[in-house]
Amino acid sequence: MPNKELEYSSKTIRAGVWGVSGYTGREVLGLLLKHPGVRVTDVAANNTQGPVAEIFPEFLNRTTLVCHPFSIKETVKKCDVVFLALPHTESMKAAPKLLKAGLKVVDLSADYRLKKAQVYETWYGHRHVDTGNLNKAVYGLPELFRQKIKGAAFVANPGCYPTAAILGLAPLIATRKDIQSIVVDAKSGISGAGRKATVDKLFAEANGNFKAYKVLSHQHAPEIEQYLSQLAGRATSIHFVAHLLPITRGILNTMYVHLEEGITANQVHSLYKKFYKIEPFVRLHPLGRQPEIKNVANTNFCDIGLAVSPDKKLVVITSAIDNLVKGAAGQAVQNMNLMVGFNETEGLL
Ligand SMILES: NC(=O)c1ccc[n+]([C@@H]2O[C@H](COP(=O)([O-])OP(=O)(O)OC[C@H]3O[C@@H](n4cnc5c(N)ncnc54)[C@H](OP(=O)(O)O)[C@@H]3O)[C@@H](O)[C@H]2O)c1
C-alpha cells in the first residue's frame, strides 16, 4: 500500500539509512542528524548490529539509534525516504520493495546508474534482477538533471569518480563538436573502496604508496560515457585510469581534452563560469589556480581548475571532490532535498 501523500515542505521527513555501518552510510547519517528537516527513524546493516554510537563513537551523545537487521516491513512503517548505502547487487533486491510500498529511495550503489542491463552485467559481472526500475531511476547529478530529480521517487546517486569527471567535463562536452579525445586520470583516497577489510587497504600497503589500478577497465568508465554521451547528443568515449592515493578521503581528477580547432584559456574559463553560474556546489577556480583535495574534504563542493596549452588544442581540467560527500552521501542528501521539496543546500553548507 503506498504511503499517504506527504506535504514535504511543511513536514519533517522520516529517513532510514540502510548500510549505516559502512563509510557512506555513516556519512549519510552524520549529515541527516544535522539536517533541520529530517528525523532519522531507522538504521540497518547486514552483520553489524547494536547502538550506532558504539559502532561509530563519533555519534556518542548525538543519537540513540540502534542498528538492526534489514526489515522492509519495519522500514516501511517508520520512513518516508530511505538511503541505500549497500554494495551493488544488494540495492536491487531492496529497492523494488521499498518503492512499491511508496517510499522514496536514494540508492548510492551502482545498481541503477547504467541504463542497459547488459552493460551493467558486462561491467559488474552480475545479472540485473530489477530491470523494470532501471528507467525509473533518475541519475542524481543535480547540476545536469535537477528538474528530473525534483519530485522523483527514485534516484540513482552517481559514482564518486563519475561525479568529479562529469562535472569537470560537462561544459566542454555540451558545447564542443571538435573533441578528438578525452583522458581521465583519476585518483582517489582509500575510503572509496569501502570499509570492508582487504589487503590493499592495510595501512602498511597503502601508506607511502601510489599506484594505478583497473587501468582502462574500471567500471566507472561506462557510467561516465553514458552521461557524457547523453549530454553531447552523440556517442562519447573516454580513456579512464584510476589510481589509489595514500589518503583517507578525496578525489582529484586531471582530465585532458584534445580539440581539433582549439580554444583560449579565457574562452574556456568563461564557458565554465556561465555553465555553473547558479550552482551552489561547483566552485570554479580562477585561471592559474588549481583545486586541492584538502579544500573540498568534508564538504559537498566540487572544485574545478582549467588550463590550456600554448597551441590552444589541449584543455586540462582538474576537479576535486570528497568521495564520501559530493561523491556519495552529500550528493545523496542534495538529491533528497530536491526530491522532497526542501532547499537544495539544506544541511549541506
Ligand atoms: N566509498 C565511497 O567513496 C563510495 C562513493 C560512492 C558510492 N559508493 C557506493 O556506495 C555503496 C556503499 O559503499 P561503502 O563504501 O559505504 O561500503 P562499505 O563501507 O563496505 O559499507 C557497506 C554497507 O553495506 C552492508 N553490507 C555489506 N555486505 C552486505 C550484503 N551482502 N548485503 C547487505 N548489506 C551488506 C554493510 O553492513 P555490515 O557492516 O553489517 O557488513 C555496510 O553497512 C557501494 O555500492 C559503493 O559502491 C561508495
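Biologist: Are Tyr161 and Phe240 buried or exposed?

Modeller: Both Tyr161 and Phe240 are buried (under 20% relative accessible area, with exposed over 50% and partly exposed in between, for a 1.4 Å probe and protein chains only). Keep in mind that this is a predicted model, where local features need pLDDT of at least 70 and side-chain atom pairs pLDDT 80 or more, while totals for chains, interfaces and linings use all residues. Residues are numbered from 1 along each chain as its sequence is written, and side-chain values use heavy atoms, leaving out hydrogens and water.

Biologist: How many aromatic pairs does a search of the whole structure find?

Modeller: Eleven. Rings of Phe, Tyr and Trp (its six-membered ring) pair if their centres lie within 6.5 Å; planes under 30 degrees apart are stacked, over 60 edge-to-face, the rest tilted.

Biologist: Why is the pair of Phe145 and Tyr227 edge-to-face?

Modeller: Because its ring planes are at 70 degrees, with the centres 6.0 Å apart. Phe145 is in helix H6 (residues 142–149) and Tyr227 in helix H9 (residues 220–232), so to speak of sequence, they are 82 residues apart and the pair links distant parts of the chain. Helices (H or I, at least four residues) and strands (E, at least two) are DSSP runs, numbered from the N terminus. Phe145 and Tyr227 are both buried.

Biologist: And what do Tyr161 and Phe240 form?

Modeller: An aromatic pair, also edge-to-face, at 5.4 Å centre to centre and 75 degrees between the planes. Tyr161 belongs to helix H7 (residues 160–175) and Phe240 to strand E11 (residues 239–244), 79 residues apart, and this pair too links distant parts of the chain.

Biologist: Which residues do ring pairs link into a cluster?

Modeller: Tyr139, Phe145 and Tyr227.

Biologist: New topic. How many residues has the largest nonpolar core?

Modeller: It has 80 residues, and Leu32 and Ile317 have the most contacts inside it. Such a core is a set of buried Ala, Val, Leu, Ile, Met, Phe, Trp, Tyr and Cys residues joined through side-chain atoms within 4.5 Å. H7 gives this core its largest share, ten residues.

Biologist: What is Leu32 in contact with?

Modeller: Leaving aside neighbours within four places in sequence, Leu32 is in contact (heavy atoms within 4.5 Å) with Ala15, Val17, Val38, Val40, Phe83, Val333 and Met336. Leu32 is also one of the buried residues of H1.

Biologist: Which domains is the protein divided into?

Modeller: Domain 1 (8–157 + 327–340) and domain 2 (161–322), with bounds from an automatic or database domain assignment. Their centres, taken over C-alpha atoms, are 25 Å apart.

Biologist: How many residues of domain 1 are in contact with domain 2?

Modeller: 22 residues of domain 1, in contact with 29 residues of domain 2. Between them the domains bury about 2,100 Å², 57% of it on carbon and sulfur atoms. Buried area is the accessible area (1.4 Å probe) that two parts lose on being put together, summed over both.

Biologist: Which three residues supply 27% of the area that domain 1 buries?

Modeller: Tyr23, Trp123 and Glu143, more than any other three residues.
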